[in-house]
Amino acid sequence: MGWHWESFVFAIVAFVALFLLLRKFAFGPLFGIMEERKRLITEQIQTTEQNRLQSEQLLAEQKQAMQDVRKEAHEIIEQARSISSKQGDEIIGQAKTEAHRLKNEAVKDIENEKNKAISALRSQVSAMSVMIASKIIEKQIDEKSQEQLVEHYLKEVGGKQ
């Protein structure tokens, strides 16, 4: 078999015609679809990147908000501790003042009772002295008996306290 140039030309013409037809009706829409697909993929990549950046920004904002909340909570706790400490000191001061006042009142009451007891004792001693004197007058006794009588009455007065 030989080589025929007519077949070769016919094959080239058919190839060029087929290529032009394919380019107009197949490659154009196919490349258009591929370009559209490329554009959609590029948009999706850009959207995804934007979403990732927004997510990172939101994450950073949330971390900052958490730090702010923790700081505020710490400040509130410290403020509560300070207030409770101050109130505790005030309560202790008031309790000490009240205890001192009650102690002073008790000391005054004890002093008053002591003075009343001394007054009562003095009046009893006076009454006893009068009674002793009257008994001495009634009964003339010697010095030794008189001393025993005075000691007896003093012991009696001492026992009544």
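**Close-up 1. The salt bridge between K116 and E113.** K116 forms a salt bridge with E113, their closest N and O atoms lying 3.8 Å apart, where a salt bridge is defined as a side-chain nitrogen of Lys or Arg within 4 Å of a carboxyl oxygen of Asp or Glu. This is a predicted model, in which local features need pLDDT of at least 70 and side-chain atom pairs count only at pLDDT 80 or more, while totals for chains, interfaces and linings use all residues. Residues are numbered from 1 along each chain as its sequence is written, and side-chain values use heavy atoms, with hydrogens and water left out. Because K116 and E113 are three residues apart in helix α1, about one helical turn separates them; helices (H or I, at least four residues) and strands (E, at least two) are DSSP runs, numbered from the N terminus. K116 counts as exposed at 55% relative accessibility, whereas E113 counts as partly exposed at 49%; here buried means under 20% relative accessible area, exposed over 50%, and partly exposed in between (1.4 Å probe, protein chains only).

**Close-up 2. The salt bridge between R52 and E49.** The side chains of R52 and E49 meet in a salt bridge with an N to O distance of 2.3 Å, and the two residues, three apart in helix α1, are separated by about one helical turn. R52 is partly exposed at 37% relative accessibility, and E49 is likewise partly exposed, at 35%.

**Close-up 3. The salt bridge between R101 and E98.** In this view the side chains of R101 and E98 meet in a salt bridge, with 2.2 Å from N to O. Both residues lie in helix α1, three residues apart, which is about one turn of the helix. R101 has a relative accessibility of 36% and counts as partly exposed, while E98, with a relative accessible area of 34%, is partly exposed as well.

**Close-up 4. A salt-bridge network of E36, R39 and E43.** E36, R39 and E43 are linked in a network of salt bridges, and the structure as a whole holds eight salt bridges.

**Close-up 5. A nonpolar patch on the surface.** W3, W5, F8, V9, I12, V13, F15, V16, F19 and L20 form a nonpolar surface patch, with about 1,100 Å² of accessible area together. Patches are made of residues with over 30% relative accessible area and no salt bridge, like charges being joined within 9 Å and nonpolar side chains (Val, Leu, Ile, Met, Phe, Trp, Tyr) within 5 Å; accessible areas come from the Shrake-Rupley method with a 1.4 Å probe, and for residues only the protein chains shown count as cover. V9 is found in helix α1, which covers residues 5–138, and is partly exposed, with a relative accessible area of 39%.
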